[in-house]
Every structure is written in structure tokens, then in C-alpha cells.
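Subject: Structure handover

Hello,

Here is the structure I promised to pass on. My notes follow below it.

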Amino acid sequence: MAISVSEPDPGTNQPLVLMFGGTFDPVHNGHLRSALELTQVLPVRAVHLIPCQIPPHRDQPGASAEQRLAMLQLAVKNEPLLQADDRELKRPGPSWSVDTLSSLRQQYGAEQPLAMVLGWDAFMGLPDWSRNEELLDLAHLIVLTRPGQMSDASEALCGLLENHELKPGEQLNAVPFGRILRLSLPSAMQVSATYIRRLLGQQASARYLLPDAVIEFIRSHRLYQ
Ligand SMILES: Nc1ncnc2c1ncn2[C@@H]1O[C@H](COP(=O)(O)OP(=O)(O)OP(=O)(O)O)[C@@H](O)[C@H]1O
Ligand SMILES: O=C(O)c1ccc[n+]([C@@H]2O[C@H](COP(=O)([O-])O)[C@@H](O)[C@H]2O)c1
């Protein structure tokens with residue numbers, strides 16, 4: 001994986017805009033609690049939760065794109081900083097994150113500190129992502145770590161961390177892009193959508209792992225049976 005060489009100009013210390021992408025099949029409290037806690041531990045003006053259209057990298061989801069978006073909209077209702085964002089659903093073809101970050105960069109301008117949030121598992125796959133060498137020229141990366149989940153990073157990722165990891169005392173929003181922050185949030189959860197789909201497939205309750213409104217949507221649309 002090539003290392004980004006651009007050095008961002010000092011920014012204006014504006015609060016961050018976060019992109020939190022996912023398949024969200026379905027969205028769950030691991031995603032939601034993380035998104036909310038990010039707004040509590042960092043200066044954040046908006047979190048864009050963005051369901052992908054055609055996952056470039058995995059089996060097709062059990063719920064349609066429209067259903068995954070609808071569940072996300074129900075989940076973030078009444079949380080003003082969390083936005084269900086349908087920009088990847090409006091774009092034909094695979095949802096490459098680099099295109100989504102370009103679109104956010106265009107929307108907010110060159111000076112805006114922008115960060116892509118991803119779990120450690122997703123970060124492990126970064127060397128295979130489309131045009132991955134452009135990502136850190138567009139945004140910061142916030143990598144969420146969970147106890148017990150950390151596998152070793154490849155040589156390419158170790159190199160990337162060495163060159164881009166935020167130094168102690170540095171603020172992520174002091175520059176618009178180009179840094180990596182590893183973060184362990186206070187209530188990191190083990191829950192996954194795979195586990196929820198498995199429970200629902202066995203007619204077992206998934207209550208308290210995702211919002212009741214999302215459970216009701218799943219029930220009324222007979223998803224994941
Ligand atoms: N419990 C969790 N806490 C924090 N982040 C999570 C959690 N589960 C997934 N993520 C992260 O959220 C993003 C979207 O994940 P995704 O929609 O694939 O959910 P998932 O639970 O990992 O789904 P699946 O089990 O179907 O792979 C990814 O960056 C992933 O690493
Ligand atoms: O752009 C890519 O090549 C790419 C490859 C794999 C994953 N992603 C994005 O990473 C995010 C998390 O993916 P997932 O599989 O955990 O839902 C989601 O927004 C995907 O679109 C992006």
C-alpha cells in the first residue's frame with residue numbers, strides 16, 4: 001500500500017465531520033453507541049452514517065439498500081448530530097469509500113477536518129480497498145478498537161500507522177486530513193450484524209442489541225428469517 005505524501009496545511013480547528021460507512025445489515029447498538037460516543041470524546045459537527053449500495057467486498061446483504069437506509073433513519077431519529085446519509089445509494093455501481101470521501105470533501109470544502117471512521121476489522125482490509133493511496137489525502141482515519149478483537153496489522157498497515165498516527169498532544173481537527181487515530185471508546189461492544197442475523201434466523205430475540213424501532217421494522221418486513 002502506497003504511503004500518502006501530501007502534508008496538509010494547518011486547518012482552522014473547526015469541529016470534525018465524520019463519515020461512518022457500513023453495510024448496516026442491520027444497523028446495531030455497536031455502530032450507534034460508537035457514533036454517539038465519538039461526538040462526546042471529540043469535537044464533532046456531524047456524523048454521516050452511510051449505507052453502501054453494493055458492498056464491493058462481501059456477500060450481498062439480507063435487506064435491500066432501501067431497507068437498510070430506512071432502519072438507519074429510524075435508529076438516528078432525534079439524534080441531531082447523527083445523519084442517515086443516502087449518497088452511496090444514489091450513486092450507481094460499487095460504493096468505493098474514496099468516492100464518498102471526495103463527495104464529502106466537495107460538500108464541506110478543503111479546510112474542513114474530515115475523518116472516516118472504521119472498525120479495526122475493516123481497517124485490516126484497507127490494503128485491498130480501491131484507490132486506497134488517496135484516502136489519507138482526503139480525510140483522517142479513526143480506527144475503533146475493541147478489546148479481544150485486535151489482530152496483528154500487516155506490514156503495509158504498520159508502515160501506514162508509523163507515518164500517519166496522531167502524535168500525543170496533537171489534535172485531529174488541527175489539520176483537514178492525513179492522520180490516523182486509534183481509539184478505544186468507553187462502551188465498545190462486541191455485537192455484530194452477523195450475530196443479530198443469526199439470532200433472528202433462529203427466531204431468538206435480538207432485543208437490546210439494536211433499537212426497538214429497528215426490531216419492529218425487521219419484524220414487519222419479515223427480514224433475516
Ligand atoms: N460493535 C461494533 N462497534 C463499533 N464498530 C463496529 C461494530 N461492529 C461493526 N463496526 C464497524 O462498523 C462499520 C460497519 O460495519 P458493518 O455494517 O459491516 O457491521 P458488522 O456488525 O461488522 O456487520 P457484519 O457482521 O454483517 O459484518 C465497520 O467499520 C465495522 O468495523
Ligand atoms: O472502497 C473500498 O474499496 C471499500 C472496501 C471495503 C469496505 N469499504 C467500506 O468500508 C465500510 C465498512 O464495510 P463493512 O463491510 O464493514 O460494512 C463500508 O462503508 C464499505 O463501503 C470500502
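Val 117 first. Leaving aside neighbours within four places in sequence, Val 117 is in contact with Leu 18, Met 19, Phe 20, Leu 38, Ile 142 and Leu 144. Contact here means C-beta atoms, placed from the backbone, within 7 Å.

Some ground rules. This is a predicted model: local features need pLDDT of at least 70, side-chain atom pairs count only at pLDDT 80 or more, and totals for chains, interfaces and linings use all residues. Residues are numbered from 1 along each chain as its sequence is written, while chains are lettered from A and ligands numbered from 1 in the order in which they are written.

The core. Val 117 and Leu 18 have the most contacts inside the largest nonpolar core, which has 51 residues. Such a core is a set of buried Ala, Val, Leu, Ile, Met, Phe, Trp, Tyr and Cys residues joined through C-beta atoms within 7 Å. Buried means 20 or more other C-beta atoms within 10 Å of a residue's own, again placed from the backbone. In soluble globular proteins, nonpolar side chains tend to be buried together.

The sheet. Six strands form an open sheet in the order β3-β2-β1-β4-β5-β6, with parallel pairing. β3 (82–84) and β6 (180–183) are the edge strands, each with a single partner, so one side of each has no neighbour in the sheet. On average, neighbouring strands are turned by 25° against each other, direction ignored. Strands are DSSP runs of E, at least two residues; helices are runs of H or I, at least four; both are numbered from the N terminus. Two strands pair if DSSP finds at least two bridges between them.

Now the pairs:
- β1 (residues 16–22) and β2 (residues 44–51) run parallel, joined by seven bridges. Leu 18 stands opposite Val 47 in β2.
- β1 and β4 are also parallel, with four bridges. Here Leu 18 has Ala 115 as its bridge partner in β4.
- β4 and β5 (residues 140–144) pair in the parallel sense over five bridges. Leu 118 has Val 143 as its bridge partner in β5.

Five of the six residues of β4 are buried, so the strand is largely enclosed by the rest of the structure.

The ligand. Ligand 1 has 17 residues around it, and Gly 22, Gly 30, Gly 119, Ala 193 and Thr 194 come nearest. Near means a C-beta atom, placed from the backbone, within 6 Å. Two or more shell residues each come from α1 (29–41), β4 (114–119), α4 (120–124) and α7 (193–201). α1 gives the largest share, three residues.

Best wishes

How values were computed: Axes fitted to C-alpha atoms, helices over the stretch in contact; angles between N-to-C directions. Buried ≥ 20, exposed ≤ 12 C-beta atoms within 10 Å, placed from the backbone. Contact = placed C-beta atoms within 7 Å.
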